Amino acid sequence: MIVAEAVASRRSIRTFLDRPVPFKTIERVLDQARMAPSGCNFQPWEALVLTGEPLAALQEKLLASEPDSPMDYDFSAPGQVDKYQARLRAVGQAMYGAMTIERDQADRRADFARSNLLSFGAPVLLLCHFPKFMKEAQWSDVGMWLQTIMLLLRGEGLDSCPQEYMGMFGRTIKAHLGLSDDTLLFCGLGIGWRDPAAPVNNFERERVPLGEQVRFLGFGT
Ligand SMILES: Cc1cc2nc3c(=O)[nH]c(=O)nc-3n(C[C@H](O)[C@H](O)[C@H](O)COP(=O)(O)O)c2cc1C
């Protein structure tokens with residue numbers, strides 16, 4: 001698969017098939033992703049990768065737990081600003097619309113959001129973490145590593161869903177898996193095979209036109 005195909009075919013998958021992922025494939029992808037760039041070559045990313053019984057035990061724990069209060073970090077802050085609130089609303093409408101969940105069906109929406117705790121049925125969960133002393137630059141490095149993984153997964157015919165929702169349960173996850181409290185649990189990455197028939201895997205995601213995001217200077221016409 002060429003890179004452009006991997007980029008174009010990647011999407012956040014929220015219904016996975018009940019089909020295991022070979023360990024060798026996951027290991028190969030993570031081995032290749034070590035070549036992701038990072039400022040000063042710090043390579044700040046770390047992860048735990050779970051499947052089978054350890055994953056089931058974590059999920060059982062999560063389902064019986066409440067989100068952290070306060071949370072280690074606030075991923076929702078830009079939503080206070082109209083422009084970003086509109087983008088969030090649009091993706092929410094498209095996603096819940098695909099599942100025919102109406103705006104006023106708060107219980108169904110909450111149930112779906114909570115299915116993040118089961119990573120939407122993904123057979124593998126990568127939990128991405130790093131030391132709390134890492135700063136903005138290193139958070140960005142971690143994002144590059146995660147995107148590298150997501151694209152390599154496409155090359156293997158696999159799919160994923162990044163999950164900052166897991167960050168809301170950071171303390172529970174760290175305690176359950178023996179991670180130090182000096183660690184920041186950034187996000188999960190559910191990994192598996194997409195269900196191509198699921199409406200939630202097929203809705204249109206809007207993107208901002210290039211001209212609104214990027215200015216080109218000095219290229220002529
Ligand atoms: C760091 C990060 C965290 C995310 N966390 C969640 C999450 O917790 N739950 C979820 O359903 N989607 C999550 N997403 C997926 C985004 O909603 C998704 O990337 C966005 O709507 C664009 O859709 P696409 O990934 O299908 O292109 C996350 C994405 C990123 C990059």
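Predicted model: local features only at pLDDT ≥ 70, side-chain atom pairs only at ≥ 80, totals over all residues.
Let me start with helix 7, residues 170-177, which lies across strand 1, strand 2 (124-131) and strand 4 and runs at about 85° to strand 4. Contact here means heavy atoms within 4.5 Å, and axes are lines fitted to C-alpha atoms, for helices over the stretch in contact, with angles from 0 to 180 degrees between N-to-C directions. Helices (H or I, at least four residues) and strands (E, at least two) are DSSP runs numbered from the N terminus.

Residues are numbered from 1 along each chain as its sequence is written, and side-chain values use heavy atoms, with hydrogens and water left out.

Now the sheet itself, which is open, with four strands in the order 1-2-4-3 and antiparallel pairing, where two strands pair if DSSP finds at least two bridges between them. Its edges are strand 1 (46-51) and strand 3 (159-163), each of which pairs on one side only, and neighbouring strands are turned by 25° against each other on average, direction ignored. Between strand 3 and strand 4 (residues 183-192) there are five bridges, in the antiparallel sense, and Ser 160 has Ile 191 in strand 4 as its bridge partner.

Turning to the ligand, which residues come nearest? Of the 14 around it, they are Ser 12, Arg 14, Glu 164, Arg 205 and Arg 207, a residue being near if one of its heavy atoms lies within 4 Å. As for individual atom pairs, a ligand nitrogen is 2.8 Å from a polar backbone atom of Glu 164, and a ligand oxygen is 2.9 Å from a polar backbone atom of Tyr 165. On the side-chain side, an oxygen atom of the ligand is 2.9 Å from an N or O atom of Arg 10.

Next, the aromatic pairs, of which the structure holds 11; rings of Phe, Tyr and Trp (its six-membered ring) pair if their centres lie within 6.5 Å, and planes under 30 degrees apart count as stacked, over 60 as edge-to-face and the rest as tilted. Tyr 73 and Phe 186 have ring centres 5.8 Å apart and planes at 45°, so this pair is tilted. Because Tyr 73 lies in the loop between helix 3 (52-63) and helix 4 (82-98) and Phe 186 in strand 4, the pair ties together parts that are 113 residues apart in sequence.

That loop between helix 3 and helix 4 also holds Pro 70, and the peptide bond from Ser 69 to Pro 70 is cis, with omega near -5°.

Note on methods
Polar contact = N/O pair within 3.5 Å; in protein donor to acceptor, adjacent residues only side chain to side chain.
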